[in-house]
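This briefing presents one protein chain for study. Please keep the sequence and the structure in view while reading.

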Amino acid sequence: MAKAAMVQRELKRQRLHERYRARREALKNVANDRSLPMEERFKARLKLAKLPRNSAKSRLHNRCQVTGRPKSYYRKLKISRIALRELAGEGQIPGMVKSSW
């Protein structure tokens with residue numbers, strides 16, 4: 001089980017990302033628009049830099065929804081390999097059966 005503080009930190013980053021996403025997108029569009037004057041683009045970059053660092057999408061990290069584990073994460077199922085194995089063994093995942101030979 002992951003540290004509760006790490007899971008909470010990740011949730012905080014997700015909330016910040018959702019809150020600032022539209023603002024960040026608009027500023028990025030202005031900053032990358034070559035048809036605008038250099039001063040206006042520079043001002044947009046300064047405003048972008050003043051936004052919270054944790055509101056950036058690149059700061060997010062995938063974590064298992066069951067255990068909070070940050071590594072060996074299956075994106076399609078949103079859980080880690082360990083949680084996947086446990087749930088599959090209990091028969092909780094439809095269509096997945098235990099393999100033996």
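**Arg 41 and its surroundings**

A polar atom of the side chain of Arg 41 lies 3.4 Å from the backbone oxygen of Ala 31. The model is predicted: local features need pLDDT of at least 70, side-chain atom pairs count only at pLDDT 80 or more, and totals for chains, interfaces and linings use all residues. Residues are numbered from 1 along each chain as its sequence is written, and side-chain values use heavy atoms, with hydrogens and water left out.

- Arg 41 belongs to helix H2, residues 38-50 (helices are DSSP runs of H or I of at least four residues, strands runs of E of at least two, numbered from the N terminus).
- Arg 41 is buried (under 20% relative accessible area, with a 1.4 Å probe and protein chains only).
- Arg 41 has no salt bridge (a side-chain nitrogen of Lys or Arg within 4 Å of a carboxyl oxygen of Asp or Glu).
- The nearest side chain of opposite charge is that of Asp 33, 7.2 Å away from Arg 41 (Lys and Arg count as positive, Asp and Glu as negative; His and the chain ends are not counted).
- Apart from neighbours within four places in sequence, Arg 41 is in contact with Val 30, Ala 31, Asp 33, Arg 34 and Leu 36 (contact means heavy atoms within 4.5 Å).

**The whole chain**

- The protein chain contains three helices and two strands, in the order α-α-β-β-α from the N terminus on.
- The C-alpha trace spans about 65 × 30 × 20 Å along its principal axes.
- Of the 101 residues of the protein chain, 23% count as buried.

Technical notes: Buried < 20%, exposed > 50% of the residue type's maximum accessible area, 1.4 Å probe, protein only. Polar contact = N/O pair within 3.5 Å; in protein donor to acceptor, adjacent residues only side chain to side chain.
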